[in-house]
Amino acid sequence: MKKPVIGIVTNVAYKEGRKYATNAIYVKSVADAGGIPVLLPAYGLDRAQAEDYIDLLDGILFAGGEDLCSYTFGEDPHPAVTYIAVERDAMELGLAKLADERHMPMYGICRGMQLINTAFGGTLYQDLPTQKPQGLLCHRQDMAIRNVLTHVVDVVEGTFCERFGKEPLFVNSFHHQAVKEMAPGFTAAAYAPDGVLEAFESQEHHAKAVQWHPEELWIDHPRFAVFFKDLVEEAKEFAARK
């Protein structure tokens, strides 16, 4: 059977002459799990560009990256939000809606979790340190230690996060935005000890997402590879139904 094609929308590097790029580890994570990673450029401000690509795909990985523009969830921008990519927002929001219409699996990491949440009616903390300061953990560790586990998460029984195994689940963390109000149709799958939502899922929308970065962990901590293996397996099943 043909390997499933997994779309990954690239970052828009405005500061580097408007380049499209993504971290190579996302590509390796999908490829090593048995999928064909395809990088998608983000251009335009409506879902037309998403329609150009959706039929090529069997699954989507919404990766980490820039802050989401606050207007995607109906708020004015917080002073801490200074670097956004509105074209990427438009591309990914379009893909999320089109994938949902086709019952295509979509997985999210960090920004990707936030993107999926806003696509289906949820809201975000634009800046955790100022909007949820009481008892807040460090959710923005130094980028130089991307593969280091820094805090535990509490797994919700019966959710996909049990796939990571029975041992206490420690994760890495690189974000200052986070899910505030979860979108309708989604179920919490893990929380940080300070109450920040760390993972959710939706059977209705064929979506799973985590706030941490499993792509940076699975080589040293193999338990996290299941995230990408499950995405590829679900994409295979979707491809078989086409």
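**Reading the sheet and its cores**

In E5, the residue bridged to Ile8 is Leu61.

User: What should I know before I start reading?

Analyst: This is a predicted model, where local features need pLDDT of at least 70, side-chain atom pairs count only at pLDDT 80 or more, and totals for chains, interfaces and linings use all residues. Residues are numbered from 1 along each chain as its sequence is written, and side-chain values use heavy atoms, with hydrogens and water left out.

User: In what sense do E1 and E5 pair, and over how many bridges?

Analyst: Strands (E, at least two residues) and helices (H or I, at least four) are DSSP runs numbered from the N terminus. Two strands pair if DSSP finds at least two bridges between them. Here E1 and E5 pair in the parallel sense, over three bridges.

User: What is the strand order in the open sheet?

Analyst: Its nine strands run E4-E1-E5-E6-E13-E12-E11-E8-E9, with mixed pairing. Strands E4 (36-40) and E9 (169-171) stand at the edges with a single partner strand each, so one side of each has no neighbour in the sheet.

User: Which residues touch the most other members of the largest nonpolar core?

Analyst: A nonpolar core is a set of buried Ala, Val, Leu, Ile, Met, Phe, Trp, Tyr and Cys residues joined through side-chain atoms within 4.5 Å; buried means under 20% relative accessible area (1.4 Å probe, protein chains only). Of this core's 36 residues, they are Ile60, Leu95, Met106 and Ile116. H3 gives the most to this core, five residues.

User: Which residues is Met106 in contact with?

Analyst: Contact means heavy atoms within 4.5 Å. Leaving aside neighbours within four places in sequence, Met106's contacts include Ile60, Phe62, Ile116 and Phe120.

Note on methods
Buried means under 20% relative accessible area, exposed over 50%, partly exposed in between (1.4 Å probe, protein chains only).
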